[in-house]
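Got your viewer open and a selection box ready? Load the model below and let's walk through it one selection at a time.

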Amino acid sequence: MMSFMFAIIRRDLLLVMRYPAEMLNPLMFFVLVVALFPLGISPEASLLSQVAAGIVWVAALLATLLALDILFKADFADGSLEQLLMAHQPTWILVLAKVIVHWLISGLPLVLLSPLVASMLFLPAEALPTLMFSLLVGTPTLSLFGAVGAALVTGVKNAGMLISLLVLPLYIPVLIFGTGAVAAAAQGLPVSGYLAYMAAMLIFALMITPWAAAMALKVGQMQG
Amino acid sequence: MSWFDNWHLPKWFYQMASPKWFYDFGARLQPWFAGLALILISWGLVWGLLYAPADYQQGNSFRIIYVHVPAAILGQSLFLFMAVAGAIGLIWKIKVAFMVARSATLVGASFTALALITGAVWGKPTWGTYWVWDARLTSTLILLFLYTGVMALNQAIPDRSVAGRATAILAIIGSINIPIIKYSVDWWNTLHQPSTFTLTSKPSMPPEMYIPLLLMVIGCYCFCAWLIMQRTRNEILDQERQSSWVARYLED
């Protein structure tokens, strides 16, 4: 079971390495969206530092959303998803492997990039560790809920817009607690409560979403 | 899938799974719900709008509560209803349950939208603004987004049985998330601004204001039961149009 999971992770990472653009595009998108806000709102440092946490988190939400396509779409198109589903392995293992790959190439790089965008937005330095930690705990939750959306729309044409309609409402609690943690850190307040709630949401998502996404994948195989 | 192999539900539950049986059953039940809805809603509306005393602070503008509160309650409970119907469909592989869930979606979304619109209309004279980012308003708006997601997914998948299953999964995930969303939105609001308006803590309404509201809520439930049954029966006719009993019914 574990070897199946690691084989999938290894295979998908190799596939991504062959086309690095798939991994770099969401990151560039992330930086670009963040760069739009000073242009749209104001270059004023005092204003930007107040809204920095919200901007970074919204951009992270959108960037992970954009990367959801890589979860199942290519495998569905070339038929390998069907083979994987027949592999006599629990489907949730497959989902979990895909989620891990998605997080490794979208969530983790966002965490590493966040100091750059935070300094672009003049986020107070003392809030930066909290921002990075909240992204570290929050982005896996985004990947997990995103997997359900991606699994539901496999086989649907022009799924890009649809998937954002399905998934974004489910992202709202993560957004609220993520930005709340950073805002609290900027004011010098304790943040462990926020991060604990985000960790609880991650565990909760780990419990329900692999099951739901596995079920959705099987349902998706029924059509066509 | 084994723990309920030896566990039997009442007979009517299995009978409901037959489209034809549900169609006939609905036809017998519908007049009762229609009648109850008509009586309760007209009774509640006339009492609430004409005879209930005016609010000592809000005057007559508070009377929109007789539409607003039932709409908000129905919008929330129909999402749960939709998820439960979808879960029944997934567990027992019942086609009719998916049709019921599908029928309930638009009704629930309409009531949620009605709650938001009446809330905005009510907010203008009372709060001086159509919209505030109050926790309850925000979570109702998110509920509407969840409904639109379910409807969009339903529209996007042409195969009805696949669409039914997929939307059931989404509705279940959504309804599990509703308490989390509601809780986090509550917290977000109290964090960023003091809750200026609380719609919940009405210091004990007098009964002559409260009973018409209760009548309206129950009446709206009956109306929804009637409407969802009608929509489900139409859906059954549409999806079962190949079968002989539909042809026979339509000839009569």
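What follows is a list of stops, each with something to select and a note on what sits there.

**Before you click**

This is a predicted model, in which local features need pLDDT of at least 70 and side-chain atom pairs count only at pLDDT 80 or more, while totals for chains, interfaces and linings use all residues. Residues are numbered from 1 along each chain as its sequence is written, and chains are lettered from A and ligands numbered from 1 in the order in which they are written.

**Stop 1: chain B as a whole**

Colour chain B by secondary structure and you get 8 helices and 0 strands; helices (H or I, at least four residues) and strands (E, at least two) are DSSP runs, numbered from the N terminus. Read from the N terminus on, the order is α-α-α-α-α-α-α-α. Along the principal axes, the C-alpha atoms of chain B fill a box of roughly 60 × 40 × 35 Å. Of its 252 residues, 39% count as buried. Buried here takes 20 or more other C-beta atoms within 10 Å of a residue's own, exposed takes 12 or fewer, and partly exposed is in between, with C-beta atoms placed from the backbone.

Now for the contacts: two residues are in contact if their C-beta atoms, placed from the backbone, lie within 7 Å. Among the contacts in chain B with a separation of 6 or more, 79% come from residues 24 or more positions apart.

**Stop 2: where chain B touches chain A**

Select the interface: 24 residues of chain B are in contact with 20 residues of chain A. On the chain B side, the elements that give two or more residues are α5 (135-156) and α6 (160-192). The largest share, 14 residues, comes from α6(B). For the colouring, Ala, Val, Leu, Ile, Met, Phe, Trp, Tyr, Cys and Pro count as nonpolar, Asp, Glu, Lys and Arg as charged, and the others, Gly among them, as polar.

**Stop 3: α3 and α6 of chain A**

Jump to chain A and select residues 45-66 (α3) with residues 91-120 (α6): their axes come within 11 Å and cross at roughly 150°. That makes α3(A) roughly antiparallel to α6(A). Axes are lines fitted to C-alpha atoms, for helices over the stretch in contact, and angles run from 0 to 180 degrees between N-to-C directions. Under 35 degrees counts as roughly parallel, over 145 as roughly antiparallel, 65 to 115 as roughly perpendicular and the rest as oblique.

Show side chains for A:Ala52, A:Val56, A:Ala60, A:Ala63 and A:Thr64 in α3(A), which meet A:Ser106, A:Gly107, A:Leu110, A:Ser114, A:Val117 and A:Ala118 in α6(A). This contact has 7 nonpolar, 4 polar and no charged residues.

**Stop 4**

The α3(A) side is A:Ala53, A:Val56, A:Ala60, A:Leu61, A:Thr64 and A:Leu65, and the α7(A) side is A:Leu131, A:Leu135, A:Thr139, A:Leu142, A:Ser143 and A:Gly146. By class, that gives 8 nonpolar, 4 polar and no charged residues.

**Stop 5: centre on A:Val56**

Which residues does A:Val56 contact, leaving aside its neighbours within four places in sequence? Pick A:Val34, A:Ser114, A:Val117, A:Ala118, A:Leu121 and A:Leu131. In the largest nonpolar core, with 142 residues, A:Val56, A:Leu152 and A:Ala216 touch the most other members. Such a core is a set of buried Ala, Val, Leu, Ile, Met, Phe, Trp, Tyr and Cys residues joined through C-beta atoms within 7 Å. Helix α8 of chain A (residues 159-186) supplies the largest share of this core, 17 residues.

**Stop 6**

Most residues other than glycine have a negative phi. A:Phe122, not a glycine, has a positive phi of about 60°, and sits in the loop between α6 and α7 of chain A. With 17 C-beta neighbours inside 10 Å, A:Phe122 counts as partly exposed.

Over in chain B, B:Lys93 has a positive phi of about 55° and lies in the loop between α3 (65-92) and α4 (95-127). B:Lys93 has 12 C-beta neighbours inside 10 Å, so it counts as exposed.

**Last stop: A:Trp92**

Finish in helix α6 of chain A, at A:Trp92. Leaving aside neighbours within four places in sequence, A:Trp92 is in contact with A:Pro210, A:Trp211 and A:Ala214.
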